[in-house]
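Please view the sequence and the structure before reading on.

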Amino acid sequence: NTGIELTNVKMSMNPFDEIAVEEAIHLKEANKINEIIIVSIGTKQSQETIRTALAMGADRGILIETDSEIQPLSVAKLLKKVCDQEKPELVILGKQAIDDDANQTGQMLSALLNWSQGTFASKLEIEEKNLLVTREIDGGLETLKLTMPSIITTDLRLNEPRYASLPNIMKAKKKPIEEKKPEDFDIDISPRLTTIKVIEPPKREAGVIVESIPQLVDKLKNEAKVI
Amino acid sequence: MTSLILVEHDNKDIKAPTLNTIEAAKKFEEDIHVIIIGSNCKSVADNASKIDGVTEVLMVDDNKFSNQLAEDITPIIVNLADKYNFILAPADTFGKNIMPRVAALLDTAQVSDVISIESKDTFVRPIYAGNAFATVKSSDNKIVITIRTTAFESAKISDNSAGITNIESIDTDSISEFVGQELSKSERPELTSARIIISGGRGMQSGDNFPMLEKIADKLGAAVGASRAAVDAGFVPNDYQVGQTGKIVAPDLYIAVGISGAIQHLAGMKDSKVIVAINKDEEAPIFQIADYGVVGDLFKLVPELEKELENN
């Protein structure tokens, strides 16, 4: 009960990050940005994730290699250091990773940099020094105007990520990936949260197939008593 | 020490998720302060003071907070944080947008989407689309939490009368600006607080068929939801989406119509008390978690259901 079995499990880029990469490429194709840098923090295998993004159309990569567990606050601190060096005007992240489901890193990075944030973005336009961002909120949609530099986190409906073509996959092998270690940045990245145990959620009892709608309504009324 | 809860509101009323968050905070058995940041929001403060368990209401009333932008309201919470050991908000788009910003500036981790408070530093939260529950212990001395509202009851509005304190506004760099909003208008209950929900999936085939579900919703006083497939196909707006990346719901009755039951959809509704599935594919995974299933053509079964409800 210490975690999820990950040995021999197929890994891929987080779907929200694919949307982030696609959006950056889209902006580059529209001549709104000059260069796209992909950053990933994790084990050596994270290099493959960076290659995928380079094959989609990004320009270069930075891998911060570590075997330790890196939680969102630490990711945000490391990304802040990268931003201090690279001085981007726009950082695009996924709204959440589908493993830890935390939904924190973009907002934390934005806070540490004191930059504007456009979370859960479903539409993005660059207008000179500003960004117009449409956000998915609980009751519908909201539009904000952000002063750049900005942090954007992507929602599902921002775009449809492209597949990398074989020639682009070949070309991506030649694009540079700079390798770093968390120690290069001189910050404390020790986890603040310790996982004590991981359990399977309680299983639901198997239900019944009813033959007809009148039977269903009868069950809902008299057995389940929910209508 | 004390808990501080960030109140979600529209400058007139408190939104329902705040009430679940207050109920969750009672687990700490500490004083509960709530903070309302807004513009012309006195009525919100008055209502908040009546909520069971609230010991003090803080209010920051300033025109610049009318839309509660994260960049503007975060510094206020951070400024007050010295006095609090727990800072909470609901894990909806409001809380998720603001709280990690607060946590980062306090140099503390955030515990997202908490479904159970085990002790003052130990919490349970779902990971991997709800396919596992992780128990995590925080080593921070100040803890920032977002609460999965469906996992907690609502705090009651009582004859409580907590004191209201005005807090002075502070200057912030205006790096973001509100432009506009497009809210879905509906006479039906909100998805996250509805007692009954009827949801449609890809099997609905078109947005034009959703009125079939709306008719049933109106008979049952239910909300209408949708799977990601139905939203992506443009049948209904995105805020109908139930699932890992949409809304998390746990009504008394959830009726899934033409929804196969992908993991990411189940993550948003599998804590419903009673689940009904209507689907023509008897192998659909939704039947594995449904309490009652009907196998058949939804275009025949849904109108039948409507008629049957009318007769009853």
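## Aromatic pairs

Over all chains, a search of the whole structure finds 3 aromatic pairs; rings of Phe, Tyr and Trp (its six-membered ring) pair if their centres lie within 6.5 Å, and planes under 30 degrees apart count as stacked, over 60 as edge-to-face and the rest as tilted. The pair Phe28(B) and Phe86(B) is stacked, because the ring centres are 3.7 Å apart and the planes stand at 5 degrees. Phe28(B) sits in the loop between helix H1 (16-25) and strand E2 (31-38) of chain B, and Phe86(B) in strand E4 (residues 84-90) of chain B, so the pair ties together parts that are 58 residues apart in sequence. Helices (H or I, at least four residues) and strands (E, at least two) are DSSP runs, numbered from the N terminus.

Phe28(B) and Phe86(B) are both buried, where buried means under 20% relative accessible area, exposed over 50%, and partly exposed in between (1.4 Å probe, protein chains only). Together with Phe123(B), Phe28(B) and Phe86(B) form one aromatic cluster.

## Basis of the values

The model is predicted: local features need pLDDT of at least 70, side-chain atom pairs count only at pLDDT 80 or more, and totals for chains, interfaces and linings use all residues. Residues are numbered from 1 along each chain as its sequence is written, chains are lettered from A and ligands numbered from 1 in the order in which they are written, and side-chain values use heavy atoms, with hydrogens and water left out.

## Chain B overall

Chain B has 8 helices and 16 strands. Its C-alpha trace spans about 60 × 40 × 40 Å along the principal axes.

Of the 312 residues in chain B, 59% are buried. Among the contacts in chain B with a separation of 6 or more, 65% are accounted for by residues 24 or more positions apart; contact means heavy atoms within 4.5 Å. Chain B exposes about 12,400 Å², and carbon and sulfur atoms supply 44% of that area. Accessible areas come from the Shrake-Rupley method with a 1.4 Å probe; for residues, only the protein chains shown count as cover. Chain B carries 29 positive and 46 negative charges, whose mean positions are 3 Å apart. Lys and Arg count as positive and Asp and Glu as negative, while His and the chain ends are not counted; the place of a charge is NZ of Lys, CZ of Arg, CG of Asp or CD of Glu.

How many residues of helix H4 (residues 93-105) of chain B are buried? The count is 12 of 13, so H4(B) is largely enclosed by the rest of the structure. The buried residues of H4(B) include Phe94(B), Lys96(B), Met99(B) and Arg101(B). After H4(B) comes Asp107(B), with a positive phi near 55 degrees.

Gln205(B) is placed in the loop between strand E12 (196-200) and helix H5 (210-220) of chain B. Gln205(B) counts as exposed because its relative accessibility is 56%. Not counting residues up to four places away in sequence, Gln205(B) touches Phe235(B) and Phe299(B). Gly53(B) is 152 residues from Gln205(B) along the chain, and their C-alpha atoms are separated by 47 Å.

## Chain A overall

In chain A the secondary structure comes to 6 helices and 10 strands. The C-alpha trace of chain A spans about 65 × 40 × 40 Å along its principal axes. Chain A has 227 residues, and 47% of them count as buried.

Of the contacts in chain A between residues at least 6 apart in sequence, 66% join residues at least 24 apart. The accessible surface of chain A is about 11,600 Å², with 50% belonging to carbon and sulfur atoms. The 30 positive and 37 negative charges of chain A have mean positions 2 Å apart.

Ser40(A) belongs to strand E1 (residues 37-42) of chain A. With 16% relative accessibility, Ser40(A) counts as buried. Leaving aside neighbours within four places in sequence, Ser40(A) is in contact with Ser46(A), Ile50(A), Ile62(A), Leu63(A) and Ile64(A).

Lys225(A) lies in the segment after helix H6 (213-223) of chain A, and at 63% relative accessibility Lys225(A) counts as exposed. Not counting residues up to four places away in sequence, Lys225(A) touches Lys219(A) and Leu220(A). Lys225(A) and Ser190(A) are 50 Å apart in space, C-alpha to C-alpha, and 35 residues apart in sequence.
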